Amino acid sequence: MAKEFSLLILPGDGIGPEIMAEARRVVDWLRTNRDLNFTVHDGLVGGAAYDVYGKPLSHETLELAKQVDAVLLGAVGGPKWDGVDYDKRPEAGLLILRKELELFANLRPAICFDALVDASSLKADLVSGLDIMIVRELTGGVYFGEPRGIEDLGNGQRRGVNTQVYTTSEIHRIAHVAFDMAAKRDGRVTSSEKANVMESGLLWREEVTRVAEDYPEIALDHMLADSCAMQLVRAPKQFDVIVTDNLFGDMLSDVAAMLTGSLGMLPSAALGVKGGSAMYEPVHGSAPDIAGEGIANPIATILSLAMALRYTFDCGVEAQLIEDAVQGVLAGGLRTADIMQPGKAKVSTSVMGDSILRALDSLNK
Ligand code: NAD
């Protein structure tokens, strides 16, 4: 019997609709060739929603996002909406989705495809075969802690305050995500904080250690966040899963991303509580500089769909098929402009999509 899933597709702005069109063709391919029955809903988010509803996410779209198994989002934003009030900006649509769906775990894989090893800023032997998963806490910590603000001290001085704050339950739930993830991978978790200078970091270290007792098969080590940044560029292949807070995760995941070559290749996931909502999206933005030209790289979006298959739909075989198809197309020498290398063939967004579908066909035989 066909498996039944529901998916809300939100292409967004800029290159969003172009890259999402290719991901949608992969959804159709899965329907036809793998007996996966997707009910696909469509919606607007970001500037595209603002232009129609006067806000970056309509109530109806938000309700739909809460009901479906997963949301697949393109990207939001662009200069057209620069003058719009902060709370109605395209980016606010994303923040509302993250908050309302309680997406507290951000998964950012850093995978270096063999064919793109030379595109990394590091030497090939340091990144060849790289496969790291960064699990970043997304809804707590210093970006949300109170008190916060800028106060006037009245003597010509001002004082800016943000508060780093985590509770036991916030640390436990993100640690569980990391350990569960490691159980499906190489069985190793590195927890990163600043326990040497921050009480919140010490609490983080103690509570992650406590959660580790439930996972005797997983190896846990702790690394100070500054040291972790250094190790990421010195010897990145030592890591399997890195779990860290919102602030350090923001930075460490960007460092790890750049080890892999291009923004156009990087998927991500934001997960809520088990069995709850999940949102999958490329790491890159709406790339207004190339929007409408048909040259954007659709791979990050297609790999985001693969993550949805693995982590929400429990279809690891199909996720692997998609990843292998991407690997095969790159190995065959096709490149979109952002990952172009000498001697390779430059192709458009839709030709990259065509080629991935053809690779899926031949892998599925
Ligand atoms: P960006 O990621 O959109 O673009 C950075 C550079 O990378 C650009 O030169 C762009 O052409 C290129 N690029 C990005 N994705 C690509 C792809 N798939 N294929 C080929 N080239 C690609 O970042 P930016 O320019 O800083 O931001 C543009 C807009 O996107 C802004 O409005 C920003 O707020 C928004 N943004 C949205 C998200 C999101 O939706 N999650 C994330 C980041 C930025």
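In which hand does H1 pass H11? I looked it up, bearing in mind that this is a predicted model. The crossing of H1 over H11 is right-handed.

**Entry 1: H1 and H11.** Next I listed who touches whom. From H1 I have Val 26, Trp 29, Leu 30 and Arg 34, and from H11 I have Val 317, Glu 318, Leu 321 and Ile 322. Sorted by class, this contact of H1 with H11 comes to 6 nonpolar, no polar and 2 charged residues.

**Entry 2: Ala 23.** While on H1 I stopped at Ala 23, which sits in that helix. Is Ala 23 buried or exposed? Its relative accessibility is 0%, so I put it down as buried. I then skipped its neighbours within four places in sequence and asked what else Ala 23 contacts: I got Leu 72, Thr 301, Ile 302 and Leu 305. I also checked Ile 9, which is 14 residues from Ala 23 along the chain; their C-alpha atoms are 9.7 Å apart.

**Entry 3: H11 and H12.** Back to H11 (residues 316–331), this time against H12 (residues 349–363). Their axes come within 8 Å and cross at roughly 120°. H11 and H12 are therefore oblique to each other, and their crossing is right-handed. On the H11 side I noted Leu 321, Ile 322, Asp 324, Ala 325, Val 326 and Val 329; they meet Met 352, Ser 355, Ile 356, Ala 359, Leu 360 and Leu 363 of H12. The class count for H11 with H12 is 10 nonpolar, 1 polar and 1 charged. Leu 321 and Ile 322 also turned up in my list for H1.

**Entry 4: cysteines.** How many disulfides does the structure hold? I found 0. Cys 112 is in no disulfide, and the nearest cysteine sulfur to it belongs to Cys 228, 18 Å away. Cys 112 has 3% relative accessibility, so it counts as buried. Cys 228 is at 0%, so I logged it as buried too.

Note on methods. Residues numbered from 1 in each chain as written. Predicted model: local features only at pLDDT ≥ 70, side-chain atom pairs only at ≥ 80, totals over all residues. Heavy atoms only, no water. Axes fitted to C-alpha atoms, helices over the stretch in contact; angles between N-to-C directions. Helix = DSSP H or I, 4+ residues; strand = E, 2+ residues; numbered from the N terminus. Parallel < 35°, antiparallel > 145°, perpendicular 65-115°, else oblique. Left-handed = near helix turned anticlockwise from the far one by under 90°. Contact = heavy atoms within 4.5 Å. Nonpolar A, V, L, I, M, F, W, Y, C, P; charged D, E, K, R; others polar. Disulfide = S-S within 2.5 Å. Buried < 20%, exposed > 50% of the residue type's maximum accessible area, 1.4 Å probe, protein only.
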